[in-house]
Number of protein chains: 2
Amino acid sequence: MTEILAAPQLNEPALSDLDAWWRAANYLSAGQIYLLDNPLLTEPLAPEHIKPRLIGHWGSVPGITLTYAHLNRMIRSRAQRTLFVLGPGHGAAGLNAAAWLEGTYSEHHPQVGQDVAGMRELFRQFSFPGGVPSHASPHLPGSIHEGGELGYSLAHATGAALDNPDLLVACVIGDGEAETGPLATSWHAPSFLDPATDGIVLPILHLNGYKIANPTLLSRIPRSDLDSLLSGHGWWPLHVEGSDPTAVHEQFATVLDIAMDRIAEIRTAARRGVSTPALRLPAIVLATPKGWTGPRSVDGVRVEGTFRAHQVPLGGVREDPGHLALLEQWLLSYHPGELFGPDGAPVARLREQAPVGDLRMSAAPIAHGREQIDLRLPAVSDYALPVDVPASSTGEATQVLGTYLRDTLVANPANMLFFSPDEHRSNRLDAVLEVTGRRWREATVDGDDRLSPTGRVFEVLSEHLCQGWLEGYLLTGRHGLFSSYEAFTHIVDSMVVQHAKWLVAAAEFPWRETIPSLNYLITSHVWRQDHNGASHQDPGFIDHVLSKRPEVARVYLPPDANCLLHVMDHCLRGRGRVNVVVAGKQPALQYLDDDRARDHVARGLGVWSWAGTGDTAPDIVLACAGDVPTQETLAAAALLRELVPGLHVRVVNVVDLTRLFSPDRHPHGIPDSDYAAMFGPSPVLFAFHGYPWLIHQLTYRRPYHHMLHVRGFRDNGTTTTPFDMCALNGIDRYQLAMAAVELVPRLTGRAAPLLATLAERLDTALAYTRRTGEDLPEITGWTWPGPAEP
Amino acid sequence: MTEILAAPQLNEPALSDLDAWWRAANYLSAGQIYLLDNPLLTEPLAPEHIKPRLIGHWGSVPGITLTYAHLNRMIRSRAQRTLFVLGPGHGAAGLNAAAWLEGTYSEHHPQVGQDVAGMRELFRQFSFPGGVPSHASPHLPGSIHEGGELGYSLAHATGAALDNPDLLVACVIGDGEAETGPLATSWHAPSFLDPATDGIVLPILHLNGYKIANPTLLSRIPRSDLDSLLSGHGWWPLHVEGSDPTAVHEQFATVLDIAMDRIAEIRTAARRGVSTPALRLPAIVLATPKGWTGPRSVDGVRVEGTFRAHQVPLGGVREDPGHLALLEQWLLSYHPGELFGPDGAPVARLREQAPVGDLRMSAAPIAHGREQIDLRLPAVSDYALPVDVPASSTGEATQVLGTYLRDTLVANPANMLFFSPDEHRSNRLDAVLEVTGRRWREATVDGDDRLSPTGRVFEVLSEHLCQGWLEGYLLTGRHGLFSSYEAFTHIVDSMVVQHAKWLVAAAEFPWRETIPSLNYLITSHVWRQDHNGASHQDPGFIDHVLSKRPEVARVYLPPDANCLLHVMDHCLRGRGRVNVVVAGKQPALQYLDDDRARDHVARGLGVWSWAGTGDTAPDIVLACAGDVPTQETLAAAALLRELVPGLHVRVVNVVDLTRLFSPDRHPHGIPDSDYAAMFGPSPVLFAFHGYPWLIHQLTYRRPYHHMLHVRGFRDNGTTTTPFDMCALNGIDRYQLAMAAVELVPRLTGRAAPLLATLAERLDTALAYTRRTGEDLPEITGWTWPGPAEP
């Protein structure tokens, strides 16, 4: 399957220099796992030089450093701007070494200089308290991908390549992570990447052979099957395989030149507008022994080339003089004396291996968020719906947002993208498709809708890909939006954890510019998945996101279209956050005009005096968050006004859920005094979009918490009507009004007839909805009765 | 790529009968989407016969019913026990129709008889309040897979096939869901399935062509690439393609016979012990138009064969007489008069298409949990560690559990399996590998560890596959355990939601026997991921599981090995639950002997009087849940005893977290009186394994909640030492003791020197741990000082 084309051979001095760099990187990697001191082995290795607790992953390092070395050769000869994405977990030792050899590590971490003391610190800090982790975390110059949780490297690489036409993204994929679902579907990238306007992704599948304990699937299926698998996804597999360094160097250099020639050919043709479907994108398959160049065997058991080389290939070094000698012998096998001067600095021939300036992969400005262009955002007012009287007209929130997003896209033609699992139109963001298409580079036929090889809407039925591509795009400083069905955002729960952790850790390093926020638009939410049924009903993603650090986690529940516009404007301007915006796509009542919406969103929550009875001492506070609970709350307020004249009701609406946190738990938290002024001292009935206990989780230390009663989704759902969804969970207008009646002490004596009336209305509504499959006209067509009688 | 072998042609009458069945199933499917009444079209179709709200997904139905019809032919001719797994979402209308035609629908839902009234009800109830959802949910006889969230069909099919040697699992895979990560990696099944001891999975990839709005990738990449992709995963692709029913019937019958002959060949050889690597398992690729046989075009716009056929191909039928006529014409095109008698029952030639009795796919007993064999569990006492004095000896909880699981496996050789993402040994369950191997059917080499083509431990680096395979295995009535790193269980957050919802819905149908519980063993948990760093530190899976219905959600935090044994014994005996068990794998103090552990686990929580000062009126309650918080809490209690003689301390340990719920929120909740007796009226300092707010979420309505102070993981973590992990989050022994001192009112006057002493000890410990990378001997070697002085 591998076609070998003529390519320049690596000449002997070049090969020797490259090999020296590789040895140095391997030496420095092993040093990080083992050494506390004596970094250059200038003294005989002694137990006190060894870390007391040996932590690290040696197994994949030599393949990583080998790839890095060969990419450097290619970059020097072609001046190819390149981003390195490291898939194999725990491979940071290799990249720490590479960045140190290139000088960038010391530039960003002055305490780790290119000298003996710096090398000692490079070693000591690795996987050490107060030091750096074993992943390519934000501490590592040039990294955008931590890789602690496996499976997202190729999706991140793909996202980074989008709209970066001159970039090469070299993505080392571990054969372990290749077994994950997200990675398995990431191979579809060629069906989406445009070689004219996007960068090129060069996958380097590292067949390291083993995971922690097992062989890897892709290393053991027949190579012909592996080739089929890659070519079936649109790649051109090229192989580098062996255990003899010289032979592997020559192969790798040849194959990389072949790959880059092919890439140049594809790029050139694409930029001339010539499509070259027969020229597939190269993918390199690199098969080298696990733990290559490490101890071949230990205590008579083979280590190199087996799963035993996965982490620390040689244990008990402090205790066992034999092992200590073996470690010394291993380290000396790299000939550190030839690689580093007496001052500890890499010798000249190593330094010369590094590309110049920003071409060093560890210096790539794009990896540090340093090539950002701010979004140009249109004025929200131009898109706001007119709302003269609250709750008297309807609008479709996401449809309105679509017009704003359309013009945002027009104003930012090369640094904003939309991602969705085939739900863009379903989520009513149609307007965006007036000015762009859906990205699609496979065949098209008559009847297809808005497909385009350069479209800026990415739709693929994989939340993992949507999230991974968007993360890659954001991590390289661009802007985007992920719109999705609410229930299925749980599919990316684990990915958002990792991204949030990255954001928190990255904020520690001033040489990293804060990247644009990760924005979710959740539009097909639990209350309007009545038609799709229980599997589509789960509002827990917001709970999950709020478990992340308060520095990054934000949740917004705009009650109407204008609030949604202002919330999204805020989120798109933001950096360094994970913003979850939940909004409906169905026709719904509109409450606030542009100015009031701006103000309400800025405050994050507030009393809607127009909806209450205007009293400062209410009998009850009806609080709400989310569009459907807001609608039902207002209808309940109207019912109470009708049935219990003289009852003093206050309506509070919450847009920014994190305002409910105490200020010591979240930076958006309002002071207890403000909280008490809004929610106390009356009983509070809170109708909430999500699980009711989330509100308690936010407020359990707030004043009057014992008087807070929350209703929300209790996982009662099926295929039914929108009204029935509310009724099943006790947040329909009738049950809210009944609960309010029961909570007001001064109604105790006369509650029974009120409750009976409300129960009767509920029964009528339920009987109708369950018989016809429709909501009552009084429910779908309900509007606010207007100001109360004076 | 497709080899066409000689195979029996379908004769004309057989084809005609099969086509009639197909037309009937399509008619019944369309009827479910549209009709409230007039089910046989005995009157002219009128608006009042039409549902007011048209809900359903027509697009994939004709391919599903076609497949079902052809499988029936095959089952009749070969008496092949077959389970049908439906991947495409929302395809239940087709399967409702098939089950109704086979009589099983009426057997299980007597109100939906095989007559006119029953057909009317079959139609009315579909996607209707109080009726059935649009997915193959538990209401549907023969279904084990709902398919509302896409991507898990092939994994479920694979799990169902395990240990079912005579079974064929026919798995229709949607080309939409094929884009998901979990499905993409599910194609690796041939590397694990043993044709001698497992059933055969027959994937039928339905190239329906479109998702909601977009084409599907697999239908648009060149067919040769699709063949490469399938063969690269070890399958033998066989194609059925067309839009002419007669031609497609003939092709499908031929291809299915070829496939079944191949399967028979592989099976026969495997059972003779002959390996046949050259004979690959067949996978059928079925390409038919989306919405086939539905309206070709509507209002001049093409519908059949486009994305417009995805849901309701013809809208506005009540309002638009033209559309009403089109619907009538469409329905009559199936010739219902030939298919159903005047009584509404299917005519004889249709009934004869159904296989006999339990061979009907809709009657498969295995799909209803009706072929279960109880686990034979060894006596826990035989494995319990001796614990004479609490907290004086150490043990490794999961290592001990491993011996119990080993013998469980031996006692249940054909109905229990273990699943793990390559972490079985890492999680210290080694003992299991004494009696079985890791399942592996690819090449092996020298140096591999415990691989076996029939091994009962499944390790693959995909949490999705582990979960999906286990679910398939459980859903067909067998038993299993998923062990995983805690942080990465979030990868399957969405899958566990769907499984929990299935369990809740399935409990409504008495003809479904409750299936064995889904058991998680989370062993590499947040407090001992100090070496792997922040990406591996997230205890939120238990929060997520507790958001599911209380009928199914359970979380256990056994503090030591013996408690773990009793918890696991309980979980393995259980049915219908999702059990999350969190337990450490590191050497740790042991607290309870076998009897005490049994009692403590049965109660779920309790006062550890041996660890307190024995007073009934404590100054403070030190509560704990989780092994590391328990250890630190006991150490804090000892520090308080040392530094504040006379302080009255009570220690409470919680194993079953759901005991903390109020009884009205969870069936395991203890009464408020019991809660108050244990936790009140003193201040409570609760050291918790997970996020602190989870405890508040469980207890916010409990007495004395305002005096409850919880410490837990606050997302402060990195690569460091175990002690530092505790210190960073304020749950180390010193900070707990300091917090306790501050909470006890009567210490107010003399707190300062106590706090200073504790702070000094904390500083010493931190300085040591951060300098050396090790815990202090006083921490790792700490034991309980024994009973207090009388």
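**Burial, helix crossing and domain contact**

Author: The model is predicted. What covers the buried residues of α22(A) includes α17 (541–546), β21 (684–688) and β22 (708–711) of chain A, together with α22 (692–699) of chain B.

Reader: What makes helix α22 of chain A largely enclosed by the rest of the structure?

Author: A residue is buried if 20 or more other C-beta atoms lie within 10 Å of its own. Eight of the eight residues of α22 (residues 692–699) of chain A are buried, so the helix is largely enclosed by the rest of the structure. Among them are A:Trp693, A:Leu694, A:His696 and A:Gln697.

Reader: How do α1(B) and α2(B) cross, left-handed or right-handed, and which residues meet there?

Author: The crossing is right-handed. The axes of α1 (residues 12–34) and α2 (residues 61–78) of chain B come within 9 Å and cross at roughly 145°. On the α1(B) side, the residues include B:Trp21, B:Trp22 and B:Asn26; on the α2(B) side, they include B:Leu66, B:Tyr68 and B:Arg73. The residues of this contact divide into nine nonpolar, three polar and one charged.

Reader: How many residues does each side give to the contact of domain 1 with domain 2 of chain A?

Author: Domain 1 (17–366) and domain 2 (380–589) of chain A have C-alpha centres 34 Å apart. Their contact takes 27 residues from domain 1 and 31 residues from domain 2. On the side of domain 1 that touches domain 2, α6 (153–161) and α7 (181–186) of chain A each give two or more residues; α6(A) gives the most, with six residues.

Notes. Residues are numbered from 1 along each chain as its sequence is written. Chains are lettered from A and ligands numbered from 1 in the order in which they are written. This is a predicted model: local features need pLDDT of at least 70, side-chain atom pairs count only at pLDDT 80 or more; totals for chains, interfaces and linings use all residues. Domain bounds come from an automatic or database domain assignment. Two residues are in contact if their C-beta atoms, placed from the backbone, lie within 7 Å. Helices (H or I, at least four residues) and strands (E, at least two) are DSSP runs, numbered from the N terminus. A residue is buried if 20 or more other C-beta atoms lie within 10 Å of its own, exposed if 12 or fewer, and partly exposed in between; C-beta atoms are placed from the backbone. Axes are lines fitted to C-alpha atoms, for helices over the stretch in contact, and angles run from 0 to 180 degrees between N-to-C directions. A crossing is left-handed if the near helix is turned anticlockwise from the far one by less than a right angle, and right-handed if clockwise. Ala, Val, Leu, Ile, Met, Phe, Trp, Tyr, Cys and Pro count as nonpolar, Asp, Glu, Lys and Arg as charged, and the others, Gly among them, as polar.
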